[in-house]
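I am opening a notebook on this structure. The entries below record what I looked up, one topic at a time.

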Amino acid sequence: MAKKNKDKSKVCLPGVCPSELRFDLVSKDWVVIATGRAKRPETFKREKRAKKEVSQRVCPFDKIDTQEEPTLIFSQGKKVFFKIGNKIPKNWTTVSIPNKYPAFIPYLKLDRKSKDSLFQTMNAVGFHEVVVTKDHKKQIAQLQISQVKEVIDVYHGRFKEMIEEKFVNYVSIFHNHGTEAGASIAHPHSQIITTPLIDSDLRKALVNSKNYYKKHRKCIYCVMSDWERKNKERVVFENKGFLVICPFASKAAFEMIISPKKHLPYFEKISEKEKLQLAQALRVALNKLYKGLGDPAYNFYLHTAPCDGENYDHYHWHWTILPKTATWAGFELGTGIEISTIEPEKAAEYLRKQ
Ligand SMILES: [Zn+2]
Ligand SMILES: [Zn+2]
């Protein structure tokens, strides 16, 4: 049998630093930070990349009357009361409308069936709505804070109503920007989908944070936030209520997490003041990406406690922003690990300066 080469000098070339594996305290997954192939932050800018625009002759959201009837309308920061069947007022600024091509449909029976002796099916019961801001060209990074607050008002308003329904056990809110991030319509919009089940990533985070809480009587997210605020090198921005960081075990280059400084498990309980602070943090974070990386495609999404009646006091809600700066290929798809080619500390330093 051939012996393994243990001569280290032959393994590590001078001047080449190895990549670093970093452990995510919550998911308990490892990520790869390829410090050896690290790029300078500026090289992530997409100046020279041709922007792929969604070509659409008519934007469906510019003619909002042609869409499904809205479930919530806001105008200049205020909720508009309207009757079913009435026309949408012309001065609308943000609306939530049922998706014309929903992945989930409300008020179906949650029939769980066995298709045969091996496979199971269930009806995809749930809400699927689209939150649309009026301006076709202005993305969230370019809105005023009061306008971003209105978007959060709509998220929150719909969230609170949806969780009243029996078939809703989780509310997923997300936003896709750019074709590489899966946005099929160029007009800025977010989506809200409710599910009768809890996905495995979130379930893992719930279990692990609960175990940590049982052992230490502390929230793992609060512990990490305190560390980051003291340590500072991964902090991108903070205001009175919120902290924006590039997480230690970033899954992607320039990933950011926005979390409340106060321990808040349930997004539905957010206060007016916190909504305004969150709006500022989200707006600042997205604007830094816009300027620093030249308007990259990105996804952002909320992780919060499920609404299935269980106790999740140990959990801490937060938003994750994931820029699309790399194309997922075999390794990423096979392992779920992106080889991040910038250290989160360098990414945070660069974004702080924007
Ligand atoms: Zn439009
Ligand atoms: Zn906490």
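**Entry 1**

I looked up a pair of facing residues and found valine 32 opposite isoleucine 339 in S16. The model is a predicted one, and I read every entry here with that in mind. I then checked the strands around that pair. Strand S2 covers residues 30–33 and pairs with S16 in the parallel sense, over two bridges. The sheet they belong to is open and has three strands, in the order S1-S2-S16, with mixed pairing. Strand S1 (20–23) and strand S16 (339–340) are at its edges; each has a single partner strand, so one side of each lacks a neighbour in the sheet.

**Entry 2: the sheet of 11 strands**

I traced the order of another open sheet and wrote it down as S4-S3-S5-S8-S10-S9-S14-S15-S13-S12-S11. It holds 11 strands, and the pairing is antiparallel. Its edges are S4 and S11, and each of these has a single partner strand, so one side of each is left without a neighbour in the sheet.

**Entry 3: strand S10**

I picked S10 from that order and asked how many of its residues are buried. Strand S10 spans residues 189–195, and seven of its seven residues are buried, so I note the strand as mostly covered. I recalled that side chains in a regular strand alternate between the two faces of the sheet. In S10, I found His189, Gln191, Ile193 and Thr195 pointing one way. Ser190, Ile192 and Thr194 point the other way, and the residues of both sets are all buried.

Next I looked at the partners of S10. Strand S8 (residues 128–133) is joined to S10 by five bridges, and the two run antiparallel. Two facing pairs are on record for me here: histidine 128 is opposite isoleucine 193, and valine 131 is opposite serine 190. Strand S9 (residues 170–177) also pairs with S10 in the antiparallel sense, over six bridges. There I found isoleucine 173 opposite isoleucine 192.

**Entry 4: strand S13**

I asked why S13 may be called largely enclosed by the rest of the structure. Strand S13 runs over residues 256–260, and five of its five residues are buried, which is why it is described that way. Both of its faces are covered. Met256, Ile258 and Pro260 lie on one side, Ile257 and Ser259 lie on the other, and all are buried.

Strand S12 (residues 242–245) pairs with S13 in the antiparallel sense over four bridges, with phenylalanine 242 opposite proline 260. Strand S15 (residues 318–323) is joined to S13 by three bridges, and these two run antiparallel. Isoleucine 258 faces tryptophan 319 in S15.

**Entry 5: serine 96**

I looked for serine 96 and found it in strand S5, residues 94–98. Is serine 96 buried or exposed? Its relative accessibility is 0%, so serine 96 counts as buried. I listed what it touches, leaving out residues up to four places away in sequence: Pro70, Thr71, Leu72, Glu129, Val130, Val131, Val154 and Arg158. With one of these, glutamate 129, the side chain of serine 96 makes a polar contact, side chain to side chain, at 2.7 Å. I also compared the position of serine 96 with that of cysteine 222: they are 126 residues apart in sequence, and their C-alpha atoms are 32 Å apart in space.

**Entry 6: a patch on the surface**

I turned to the surface and found a nonpolar patch formed by Leu110, Met122 and Leu197. Together they have about 240 Å² of accessible area. I followed up methionine 122, which is in strand S7 (residues 120–122). Its relative accessible area is 32%, so methionine 122 is noted as partly exposed.

**Entry 7: two loop residues with positive phi**

I looked up backbone angles in two loops. Glutamine 76 has phi near 50°, a positive value in a residue other than glycine. It is in the loop between strand S3 (72–75) and strand S4 (78–79), and at 65% relative accessible area glutamine 76 is exposed.

Lysine 232 is another residue other than glycine with positive phi, near 70°. Its loop lies between helix H4 (220–231) and strand S11 (235–238). Lysine 232 counts as exposed, with a relative accessibility of 53%.

Methods. Residues numbered from 1 in each chain as written. Chains lettered and ligands numbered in written order. Predicted model: local features only at pLDDT ≥ 70, side-chain atom pairs only at ≥ 80, totals over all residues. Heavy atoms only, no water. Buried < 20%, exposed > 50% of the residue type's maximum accessible area, 1.4 Å probe, protein only. Contact = heavy atoms within 4.5 Å. Polar contact = N/O pair within 3.5 Å; in protein donor to acceptor, adjacent residues only side chain to side chain. Patch = residues over 30% accessible without salt bridge, like charges linked within 9 Å, V, L, I, M, F, W, Y side chains within 5 Å. Areas by Shrake-Rupley, 256 points an atom, 1.4 Å probe, with all protein chains shown as cover. Salt bridge = Lys/Arg side-chain N within 4 Å of Asp/Glu carboxyl O. Pairing = 2+ DSSP bridges.
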